[in-house]
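User: I'd like to learn how to read a few features in a structure like this one. Can we go through them one at a time?

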Amino acid sequence: MKSDEASKKQKKGRRAWAKWLLCAFAAVVCLSAVFHLPVLWGVINLKNENPRATALTELRAGEGIAPRSEFAWLPYERISPQLVRAVVAGEDPHFFEHRGFDWDAMGKAASTNLEQLRYARGASTVTQQLAKNLFLSPSKSPTRKLHEALITWELERTLDKRRIMEVYLNVIEWGEGIYGAENAARHYFNVSAADLNEEQAAFLCAMIPNPRGAYNPEINPDRVEIKAQQIRELMQSPALVLTQRAN
């Protein structure tokens, strides 16, 4: 009898723990959903509206770095094809083929980082970079990376590739207080982003990974030029895919 009673108590205790864990999980899911709803709404709004600010511009403003000018928006059709080619070649060679994640590049990056025991290589796609730029902090925490993955998935299923590239090129950072391709082209070359040539486009693309530090042409001009030359070579690849293929 005592053994049966003890067994019943154990089962009751396990059920109570399971119920508690289920409630805790449901609470976390609900809180996460509430927290994410404004982001989801922001993603949906991108179908018809251009953002006036991003998480990155707000972060920089908090650091006391005011934008030199507001976003000077250019539709995809007016952006120099050379700039699109440079960004695809230098930042995301499979952009028009993948659905937000380049699994091959991620595998190679993970292998390299494990071999060197440090963060030596990244594999973020244009869509992932846009998700972080628009909505998230620069943190590399696992929670932030998971949120980035969710937003990336939503962006790819809400917008077409041309719109994703358009938003990306119009909001990313190209120096202290310089945001978007049009402002960058005006600042560095005194031309519109519609008129960038191959060399200019490769130069701007070379800056993207860290335009205020390692790839700031005022600080490291040789490093930027070497990377720009590498991008120009990649731009000539006949295998470069520059349009979305039909499913």
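User: Let's start with Thr127: is Thr127 buried or exposed?

Analyst: Keep in mind that this is a predicted model. Buried means under 20% relative accessible area. Thr127 comes out at 0%, so Thr127 is buried. You'll find Thr127 in helix H5, which covers residues 126-135.

User: Which residues does Thr127 touch, leaving out those up to four places away in sequence?

Analyst: Phe95, His98, Gly100, Thr152, Leu155, Glu156, Lys161 and Ile164. With Glu156 there's also a side-chain polar contact, at 2.6 Å. And for a pair separated along the chain, take Thr127 and Trp153: they are 26 residues apart, with 8.8 Å between their C-alpha atoms.

User: His98 was on that list. Where is His98 found?

Analyst: His98 is in the loop between helix H3 (81-91) and helix H4 (103-116). The burial cut-off is under 20%, so His98, at 9% relative accessibility, counts as buried.

User: What joins the side chains of His98 and Asp92?

Analyst: A polar contact of 2.9 Å. Skipping residues up to four places away in sequence, His98 touches Asp92, Thr125, Thr127, Glu156 and Lys161.

User: Okay, now helix packing. What describes two packed helices?

Analyst: The angle between their axes, plus the distance between those axes. Here, helix H8 (residues 181-189) packs on helix H9 (residues 198-207) at about 110°, and their axes are 11 Å apart. That makes H8 roughly perpendicular to H9, and the crossing is right-handed.

User: Which residues meet where H8 packs on H9?

Analyst: From H8 you have Ala184, Ala185, Tyr188 and Phe189, and from H9 Gln200, Phe203, Leu204 and Met207. Sorted by class, this contact has seven nonpolar residues, one polar and no charged.

User: How do the axes of H9 and helix H10 compare in angle, and what distance do they come within?

Analyst: H10 spans residues 221-235; its axis crosses that of H9 at roughly 120°, and the two come within 8 Å. That makes H9 oblique to H10. This crossing is right-handed.

User: And which residues make the contact of H9 with H10?

Analyst: On the H9 side, Glu198, Glu199, Ala202, Phe203, Cys205, Ala206 and Met207. H10 brings in Val224, Lys227, Ala228, Ile231, Arg232 and Met235. By class, that contact has nine nonpolar, no polar and four charged residues.

Notes:
Residues are numbered from 1 along each chain as its sequence is written. This is a predicted model: local features need pLDDT of at least 70, side-chain atom pairs count only at pLDDT 80 or more; totals for chains, interfaces and linings use all residues. Side-chain values use heavy atoms; hydrogens and water are left out. Axes are lines fitted to C-alpha atoms, for helices over the stretch in contact, and angles run from 0 to 180 degrees between N-to-C directions. Helices (H or I, at least four residues) and strands (E, at least two) are DSSP runs, numbered from the N terminus. Angles under 35 degrees count as roughly parallel, over 145 as roughly antiparallel, 65 to 115 as roughly perpendicular and the rest as oblique. A crossing is left-handed if the near helix is turned anticlockwise from the far one by less than a right angle, and right-handed if clockwise. Contact means heavy atoms within 4.5 Å. Ala, Val, Leu, Ile, Met, Phe, Trp, Tyr, Cys and Pro count as nonpolar, Asp, Glu, Lys and Arg as charged, and the others, Gly among them, as polar. Buried means under 20% relative accessible area, exposed over 50%, partly exposed in between (1.4 Å probe, protein chains only). A polar contact is a pair of N or O atoms within 3.5 Å; within protein, one must be able to donate a hydrogen and the other to accept it, and residues adjacent in sequence count only if both atoms are side-chain atoms.
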